[in-house]
Amino acid sequence: MELPAPFRQTIIDLYAEDGARWLEQLPDLLRRCAQRWSLTLFPPFADLSYNYVAPARRADGTDVVLKVGVPNPELRTELEALQFYDGRGCVRLLDADWDLGALLLERLTPGAMLVTRDDEEATTIAAGVMQDLWRPLPQEHPFPTVEKWGQGLHRLRRHFDGGDGPFPLRLVERAERYFSELLASSDPPVLLHGDLHHYNILAAERRPWLALDPKGVAGEPAYEPGALLRNPLPQIARVPQLDRVMQRRVAQLGDLLTLDRRRILRWALAQAVLSAWWSFEDSGRGWEPHLAVARALAQAEQRL
């Protein structure tokens with residue numbers, strides 16, 4: 001079975017020997033999924049990242065999407081988030097088999113990504129999707145919290161023996177301070193998508209735009225725009241006058257979502273540093289664009 005080399009490398013980087021075994025077993029997993037749901041499978045979508053994702057057709061002619069991944073806590077949380085959303089603002093989960101690490105999903109058509117739209121229009125659309133997604137959470141729920149995600153910054157410090165490694169010290173300290181201050185003053189948590197950006201919002205039929213690939217995290221609404229602000233990656237880092245773009249986006253989102261602009265910006269800056277660390281932690285590469293966004297947000301904050 002021919003798989004893109006970057007996809008294979010990502011799986012091995014993340015899961016080591018477990019990932020290598022999963023790659024060997026993938027053809028059999030796909031056959032079992034096809035049998036379980038009476039699927040005709042088609043070649044996978046381009047640019048596979050962390051999971052195998054492919055269009056498929058059921059015996060009754062319904063077009064669907066099959067997503068198969070290495071069973072792990074993040075995939076489990078995605079499954080639970082899809083069940084919680086039940087198609088509201090998000091792709092609908094049709095069925096799942098955790099033993100196979102497989103999700104059977106609604107096929108979104110026409111399926112154009114938000115990245116195809118003008119930046120100002122894309123920001124408006126994304127804000128609308130955010131408002132469709134946010135739901136109050138029960139006291140007991142299975143989702144990680146924003147606070148737990150922020151512990152990645154502690155791992156950064158431990159990894160570099162209290163230092164900052166290749167990450168600018170001022171940005172790391174600023175991210176740590178913002179996480180602490182914002183967590184202490186947060187609004188009641190809702191279920192957030194957690195990774196809502198230009199590649200995870202698609203044109204659809206039952207709603208003009210729907211999200212896919214939710215991470216599922218409990219936090220205040222002002223946390224959500226962070227992923228949008230640091231995307232589309234990696235080209236966002238090459239945008240001229242990026243600080244001005246960030247300033248305009250933050251203002252636009254603050255107005256559309258009736259949220260405090262400074263709070264949106266500070267969460268986004270802290271997340272950009274955290275995301276840089278996650279990239280370093282996962283593979284040792286790809287963290288530079290996140291830091292470019294963090295620097296731009298730091299410059300933009302001076303003008304708020």
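Predicted model: local features only at pLDDT ≥ 70, side-chain atom pairs only at ≥ 80, totals over all residues.
Close-up 1. Helix α5 spans residues 152-159, and its buried residues (under 20% relative accessible area, 1.4 Å probe, protein chains only) are G152, L153, L156 and R157. Look down the axis of α5 and these fall within an arc of 150° (taken from the directions from the helix axis to the C-beta atoms), so they line one face of the helix. They pack against α4 (146-150), α6 (169-184) and α9 (261-283), with contact meaning heavy atoms within 4.5 Å. Helices here are DSSP runs of H or I, at least four residues, and strands are runs of E, at least two, numbered from the N terminus.

**Close-up 2. F160 meets W277 edge-to-face.** Their ring centres sit 6.3 Å apart with planes at 70°, so the pair counts as edge-to-face (centres within 6.5 Å, using the six-membered ring of Trp; planes over 60 degrees apart). F160 is in the loop between α5 and α6, while W277 belongs to α9, 117 residues away. Both are buried.

**Close-up 3. Strands β6, β7 and β10 make an open antiparallel sheet, in that order.** β6 (135-136) and β10 (217-219) are the edge strands. β6 pairs with β7 (residues 190-192) over 2 bridges (pairing takes at least two DSSP bridges), and P136 stands opposite V190.

**About the model.** Residues are numbered from 1 along each chain as its sequence is written, and side-chain values use heavy atoms, leaving out hydrogens and water. Local features need pLDDT of at least 70 and side-chain atom pairs 80 or more, whereas totals for chains, interfaces and linings use all residues.

Key: Buried < 20%, exposed > 50% of the residue type's maximum accessible area, 1.4 Å probe, protein only. Phe/Tyr/Trp six-rings, centres within 6.5 Å; stacked < 30°, edge-to-face > 60°.
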